[in-house]
Amino acid sequence: MATPVIETEGLTKIFGRLRNPKLAVDHIHFRVEPGQVYGFLGPNGAGKSTTIRMMLNLMHASDGKALIFGEDPRQKPEILFRVGSLVEGATFYPYLRGWDNLKVVGNSRGGFDATRAKQLLQFVGLVGSERVRVKAYSTGMKQRLGIAAALLNNPDLVILDEPTNGMDPAGIREMRQFIRDLAYKYGKTVFLTSHLLSEVQQTSDRVAIINKGKIVVEGLIEELLNQEEQLEAEVGSIEKAKTALQERWQVAASTVPNEHNKLRIKASRNDTPSIVRRLVEQNVDVFSIAPVRQSLEDYFLEVIGDDFVQPNSSPLSIGGTPHA
Amino acid sequence: METPANRSRISLNPLRPLLRNPVALKELRGRMRGPRAFVVLTCYLIVVGGFTTLLYIAGTAATYNTTGEVDGGTLGRVLFGSVVAIELFLVTFITPAFTAGSISGEHESQTYDLLRTTLLPERQLVFGKLFSALAYVFLLLLAAIPLQSIAFLFGGVDVEEIVISLLVLLATAIFLGNIGVYYSAMTHRTLRANIMTYVTILAVILVTTAGAVIALAIVEGLDPSTSSSGSEWVLLVARGIFVCLNPLTTLLSTQQYLVNQQTLFTFKYTFTDGTTTTLPSPWIAFTIFYLLLSVAVFFATTRHLKRIEG
């Protein structure tokens, strides 16, 4: 069995031990296997960045440990040479050009490879902008430069903390492609945190959902989302439809904002004729009915409950994915 | 065939290791960008030059000798001493301003993690910060050498004195720079680092000056009939320590020994009972002490940076 790329064992962080201690990360365990894109999800303040900081040896763990390629970075910091990271947003020296910022990062890591830097600029789509000072970069450009900087030393593990923060929809789509390419084209292992759940759903193989410092659920996305079949119906009256169906099926109003006349029914595709018949019998107008695959967002909201406040709602971050 | 490996072996550029320090390079670029560096240099030279002119005017009026001519030697020494004192004052206040924000500034601009995740060794980070700040201070000192050299026109000052003054100023700048970087590593706030640095420097200046003055007053007031050579030794050493801890008193006493005894590296001290002893000149003790202290502070800073955030 291959050594996991990341393995945490009871990783814990307590801030302010003496006065008013706050448990930020609570004995978390997870494993990331080679070649995986691993999504680490959670609301703001859940402990995502603290976990990453402990993994990268930027912060002491109060208890437990995080092993990178089977080694504890506290004992063997050089293992982190195999890691490229983008931690808490891409921050660079604004008065230096993009190219010079890459040079600082490369030289700090022991040597700057100009050929590789050029390839990476091409990969992240910044060719032509590398001679511009970073203070003139948009947030998306900075994030892309951050990815290029993280990949300079050709790492085996790439840790991306909220890589789509502040990006526009087109940038988010590009970032999704970068992440996919990293894993599936270049064979990197990617550890990704994000609150844009649809992005994680489309890029990750496996996810862990962290809330209040604890991992609430962890597993392969396919397994988590395919646990039960659902149908989504658009009806004239939600209340009347609920009354008509809840004798036989479990029904709930859609969690999608601004879709007040839609409801979710826990039923298989084969139940569709019976449901339509029942609704028509009860004089409920039916506009559409289709099986839906539960989205990661639905699942996340189900797991986290009311704790989650979407901090940066964008059209791409919300909504289920109906399958016709 | 020339490869990168043998190219680096045959390089005779002594600055190569310094210029390969990514932090030093970045800082030097940052420091010299825009008009700020040149404005500071110009203002510094205007202040030193202005004082030199004023001192020349005041000095020529005050140093007429008995024949009614200007005493060139005295004027030269007064001019030289005053320029060095002004430089010392400016270096004392400028150096910490360049270094106290060096590491805390990385925290404030959120670029500290960027450097830390590259696994850049702490000593390279501290050295890069220190080197870039001190390089600029050295530039200020070198730029003022022509003003110091005006004293040559009047006589009374040797080249050795200029070299010694430059060494003392450099040692002072290196120490103060290290103190600034140390406090900058201790806190994430530049304002706090600045306050801590200036308070420390002020304390060192006040304590050493007061100590030197008190010890000197006691030595001057010794009664040869009642004092023992043992107690005089203790006072001499105490005075020596205080004098050698303060750059101004170091320079003044070094110049005094140079003028009175014409010795560069040592001076003779005559006890009240008539016996004499030879001691190293204050500038030697000052330079060695502060350079060693700077090395200690440098390692304390890297040690502190090695500690991972709690």
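**View 1. Domains of chain A.** Domain bounds are taken from an automatic or database domain assignment. On that basis chain A splits into domain 1 (6-224) and domain 2 (228-322). Between the C-alpha centres of domain 1 of chain A and domain 2 of chain A the distance is 35 Å. The model is predicted: local features need pLDDT of at least 70, side-chain atom pairs count only at pLDDT 80 or more, and totals for chains, interfaces and linings use all residues. Residues are numbered from 1 along each chain as its sequence is written, and chains are lettered from A in the order in which they are written.

**View 2. Contact between chain A and chain B.** Chain A supplies 21 residues and chain B 19 residues, where contact means that C-beta atoms, placed from the backbone, lie within 7 Å. On the side of chain A that touches chain B, helix α2 (residues 98-108) of chain A gives the largest share, four residues; helices are DSSP runs (H or I, at least four residues), numbered from the N terminus.

**View 3. The largest nonpolar core.** A nonpolar core is a set of buried Ala, Val, Leu, Ile, Met, Phe, Trp, Tyr and Cys residues joined through C-beta atoms within 7 Å; buried means that 20 or more other C-beta atoms, placed from the backbone, lie within 10 Å of the residue's own. The largest such core has 138 residues, of which Ala148(A), Val190(A), Phe191(A), Leu192(A) and Val137(B) touch the most other members. Helix α10 (residues 159-186) of chain B contributes the largest share of this core, 13 residues.

**View 4. Surroundings of Val190(A).** Leaving out residues up to four places away in sequence, Val190(A) touches Val37(A), Tyr38(A), Val158(A), Leu160(A), Ile179(A), Leu182(A) and Ala183(A).

Key. Two residues are in contact if their C-beta atoms, placed from the backbone, lie within 7 Å. Helices (H or I, at least four residues) and strands (E, at least two) are DSSP runs, numbered from the N terminus. A residue is buried if 20 or more other C-beta atoms lie within 10 Å of its own, exposed if 12 or fewer, and partly exposed in between; C-beta atoms are placed from the backbone.
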